[in-house]
Amino acid sequence: MYMGLTPTKFIWMDGELVPWEKANVHVLTHTLHYGLGVFEGIRCYKTEKGPAVFRLKDHIKRLEDSAKLVGMKLPHSVDELVQATKETIKSNEIEECYIRPIAFYGYGVMGLNPKGSKVNVAIAVWPWGTYLGEEGLERGIRAKISPWLRIHPRILPPQAKVVANYANSILAKVDALNSGYDEAILLNMEGFIAEGPGENLFIVEKGKLVTPPLSSGALGGITRDSIIKIAKDEKISFEERDISREQLYAANEAFFTGTAAEVTPIREVDGKSIGGGKRGNVTEKLQRVFFNVVRGKEPKYESWLDYVGRETR
């Protein structure tokens, strides 16, 4: 599915707001050539109290953790980047948006050693709809097991949102689209389910919610973590364990979670219907609560929202 960019007014770059069309980098930017950069995906939702960013500090802390995992030192603190994110949203006068912070090695050196390259940080925001389609939120999407395996921890750190890691995701995504599916599902080297190209995966077995452990190679998704907490609050039985391809095929329900995908049902895998071939009851319940949470309609989860017009707690 093609998701085009809708330009906004400003992008935050290294401490200042730059007009969208002037937010450029040199062609010899180190990360462009070697892929060592880290990024985040965050959403801001319209609520009755104004624009609110979902789990903003948790996302920025993960950006910092990703940088540490690859030996990159960010030139800004978590709190500074939280405030910069809110400043960027305010300056663009936007109520709902996708947020992309990225830290990368800039212009100055060439070769595999990034030492001597300045670490640049940028934050862009733009309106972006449902990643896997509005219809997919209700009907569910069609996925296929990818011929590409999820990167192994001894190859690249799957717990870091590293730019280079997503070449793995792109290959899986494009293969799925070229094969007539909406999305891919990657196995790990042991043959168990890891995740989607940019999403965590859950199944439902006889009313129990199951998701692969992080040791499977799955990213520690913030939406994943949110759904686990919501499920426990809703008294839905939960287990974290390895999931085989066969267990996925036989599941009563399956769905993806992620900042871009939000909570998207999976109705079919490799041409096989999951459950009744439609969104299941557990998925629908979790989806409903999740969307209430991000839109400020669930007071219990108010601490997960950072309102753009207020100081960060």
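Tutor: A salt bridge is a side-chain nitrogen of Lys or Arg within 4 Å of a carboxyl oxygen of Asp or Glu. The model is predicted, so local features need pLDDT of at least 70 and side-chain atom pairs count only at pLDDT 80 or more, while totals for chains, interfaces and linings use all residues. Residues are numbered from 1 along each chain as its sequence is written, and side-chain values use heavy atoms, with hydrogens and water left out.

Student: How many salt bridges does the structure hold?

Tutor: Side chains of opposite charge can pair when their charged atoms come close. Under the definition above, the number of salt bridges in the structure is 24.

Student: In which helix do E64 and K68 both lie?

Tutor: The side chains of E64 and K68 meet in a salt bridge, at 4.0 Å from N to O. Helices (H or I, at least four residues) and strands (E, at least two) are DSSP runs, numbered from the N terminus. The two residues are four apart, about one turn of the helix, and the element that holds both is helix α2 (residues 56-69).

Student: Is K68 buried or exposed?

Tutor: Buried means under 20% relative accessible area, exposed over 50%, and partly exposed in between (1.4 Å probe, protein chains only). The relative accessibility of K68 is 57%, so K68 counts as exposed.

Student: Which parts of the chain does the pair of R224 and E240 link?

Tutor: R224 and E240 form a salt bridge through their side chains, with 2.5 Å from N to O. This pair joins distant parts of the chain, 16 residues apart: R224 belongs to helix α6 (residues 222-233) and E240 to strand β13 (residues 238-240). R224 is buried, because its relative accessible area is 6%. E240 is partly exposed, with a relative accessibility of 41%; the parts linked are thus helix α6 and strand β13.

Student: Which residue forms a salt bridge with R279?

Tutor: R279 is partly exposed at 22% relative accessibility. The closest N and O atoms of the pair are 3.6 Å apart, and the partner is E284.

Student: Which residues are linked with R55 in a network of salt bridges?

Tutor: R55 lies in the loop between β5 (52-54) and α2, and R55 counts as buried because its relative accessibility is 8%. Contact means heavy atoms within 4.5 Å; leaving aside neighbours within four places in sequence, R55 is in contact with I222, D225, S226, K229 and W304. The network of salt bridges links R55 with D58, D225 and K229.

Student: Which strand gives the most to the lining of the largest cavity?

Tutor: On a 1 Å grid over the protein atoms alone, a cavity is a set of points where a 1.4 Å probe fits but cannot get out, and a pocket is an open set with protein on both sides within 12 Å along at least five of seven lines; lining residues have an atom within 4 Å of a point. Grid points are joined across faces, edges and corners, and a volume is the space filled by probe spheres set on the points. The structure holds two cavities of 30 Å³ or more, and the largest has about 50 Å³ of space. With three residues in its lining, the strand that gives the most is β4 (residues 42-45).

Student: How many charged residues does the lining of the second largest cavity have?

Tutor: This cavity holds about 30 Å³ of space, and its lining includes R150, K161 and E195. Ala, Val, Leu, Ile, Met, Phe, Trp, Tyr, Cys and Pro count as nonpolar, Asp, Glu, Lys and Arg as charged, and the others, Gly among them, as polar. The lining has four nonpolar residues and one polar residue, and its charged residues number three.

Student: Which element gives the most to the lining of the largest pocket?

Tutor: The largest pocket has about 1400 Å³ of space. Of its 50 lining residues, F39, Y98, R100, W128 and Y166 are the closest to its centre. By class, the lining divides into 31 nonpolar, twelve polar and seven charged residues. Seven residues of the lining come from the element that gives the most, α5.

Student: How many disulfides does the structure hold?

Tutor: A disulfide is a pair of cysteine sulfur atoms within 2.5 Å. The number of disulfides in the structure is zero. For C44, the nearest cysteine sulfur is that of C97, 4.5 Å away, and C44 is in no disulfide. C44 is buried, with a relative accessible area of 1%, and the count of disulfides stays at zero.
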